[in-house]
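Visitor: Please take one part of this model and go through it closely. I would like to see how it connects with the rest.

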Amino acid sequence: MKAIVTGIAGTVLLAGSLFVGAVISDKILGDANGETEDATVQTQVPTTAASQKVVYAPPSIEEVPDGPMKEAILYGYELVNNTHVAADEYVGNQLSCTSCHAGAGYDEQVSSLVGVMANYPQYIGRSGSIVTIEERINGCMIRSMNGKKFEINSDELEAMVAYFAYISEGVPIGAEREWAGASNMKSVPIPDVANGEELYAQSCIACHAADGSGTGANTGPALWGENSFNDGAGMARMSKMAGYIQNNMPIGAGGTLTDQDASDLAAYILSQDRPEWANHDKDWPKGGRPNDIMDKEKRQQVKNNTIDWEQVLSTN
Ligand code: HEC
Ligand code: HEC
């Protein structure tokens, strides 16, 4: 994990009153009439501070305080860090959440999940509705993990939420998490797939293997093939894949590739076969569907050399 940076000039966390706390409700009491199933986890919001700058200072997983939440937090950490093993009946590939949210979401640079509880529920255009943290987790389960949803009220989902609440401590509801969303390329250059293939052979195969099948969820996750994410995942979009690569890869040298190289690599990776998402037609029900989703049709167009990259990259 990269060093925790606390360097936002002159900002001091107001301790205590602004913490996001999580309380897992008592299942038995909550389920009395069977209609409160959704209320598994409640966030306590003593106060909000929308305009406050937030420092990146999540509490360590080594120092979870003793108490009723400890077990759930540690189980949640294990589920996030070792997902395809700890939740193997739900996961349809060989990835962990850590494969994209490095350090189980602790890593500030790589799709950090620190403070995530402060930003949910949230409107998501892909769903066309307001989405809770539980639904957002399940979104990654059925797309990025090519698997199944956890049941609401399941131990797994409650534990993941408990863990995210723990690493969100100190981040006020509604706070702007400056570290989130860094891996998104706004303007993606037209890619050269052949150059992407060469770059991949030079810089990526040591960890991700020549056939993209990877060397392990947390050492070099599968980038394509049956053990990778499906084409309904955010990472199957050129803007997200190119942004992620430019920002984070190769590991230890994030930020060194040009946008052009990252786009070439993304196009090469996303033109390879991967599991298909069955519900593309139901996404973005209220409009705004981006063009850069590399689904089966676009993969075929890359192979046939008929893809119109300008059109694909026109909506990021
Ligand atoms: C293949 C990569 C990948 C994997 C694996 C993955 N995610 Fe994600 N996740 C993403 C991307 C990319 C985003 C950002 C989506 C966007 O920008 O639209 C995201 C977003 C999220 C968010 C919302 C973050 C925010 O700041 O709003 C949560 C929560 C989340 N993921 C949880 C998980 C969990 C839990 C797992 C494991 C069960 C997981 N993810 C596995 C790629 C992945
Ligand atoms: C030294 C090993 C290493 C090298 C070299 C490396 N990666 Fe990774 N890569 C990882 C690890 C480990 C992760 C999991 C996330 C993390 O820990 O940062 C990852 C995650 C990824 C992901 C997100 C996970 C997924 O399944 O989509 C992509 C995309 C990716 N790497 C692309 C590349 C590309 C492209 C290159 C070459 C430019 C590269 N990586 C080079 C180790 C490596």
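Guide: E135 sits in helix α4, where helices (H or I, at least four residues) are DSSP runs numbered from the N terminus. The model is predicted, so local features need pLDDT of at least 70 and side-chain atom pairs count only at pLDDT 80 or more, while totals for chains, interfaces and linings use all residues. Residues are numbered from 1 along each chain as its sequence is written, and chains are lettered from A and ligands numbered from 1 in the order in which they are written.

E135 counts as partly exposed because it has 19 C-beta neighbours inside 10 Å; a residue is buried with 20 or more other C-beta atoms within 10 Å of its own, exposed with 12 or fewer, and partly exposed in between, with C-beta atoms placed from the backbone. K149 lies 14 residues from E135 along the chain, and their C-alpha atoms are 8.7 Å apart.

Helix α4 covers residues 133-142 and, with four residues, gives the most to the shell around ligand 1. In total, 24 residues surround ligand 1 (C-beta atom, placed from the backbone, within 6 Å of it), and C97, C100, C140, S144 and G234 are the closest. That shell has 15 nonpolar, seven polar and two charged residues. Here Ala, Val, Leu, Ile, Met, Phe, Trp, Tyr, Cys and Pro count as nonpolar, Asp, Glu, Lys and Arg as charged, and the others, Gly among them, as polar. Domain 1 (21-166) and domain 2 (193-312) each supply at least three residues of the shell around ligand 1; the domain bounds come from an automatic or database domain assignment.

Ligand 2 has 26 residues around it, the closest being A102, C204, C207, M249 and P250. Its shell contains 18 nonpolar, eight polar and no charged residues. At least two of the shell residues come from each of α7 (205-208) and α8 (238-248), and α8 gives the most, with four. At least three residues of the shell around ligand 2 come from domain 1, and at least three from domain 2.

Elsewhere, helix α2 (residues 70-81) packs against helix α5 (residues 155-166) at an angle of about 100 degrees, with their axes 7 Å apart. Axes are lines fitted to C-alpha atoms over the stretch in contact, and angles run from 0 to 180 degrees between N-to-C directions. That makes α2 roughly perpendicular to α5, a term for angles of 65 to 115 degrees. The contact of α2 with α5 has eleven nonpolar, one polar and two charged residues.

Technical notes
Angles under 35 degrees count as roughly parallel, over 145 as roughly antiparallel, 65 to 115 as roughly perpendicular and the rest as oblique.
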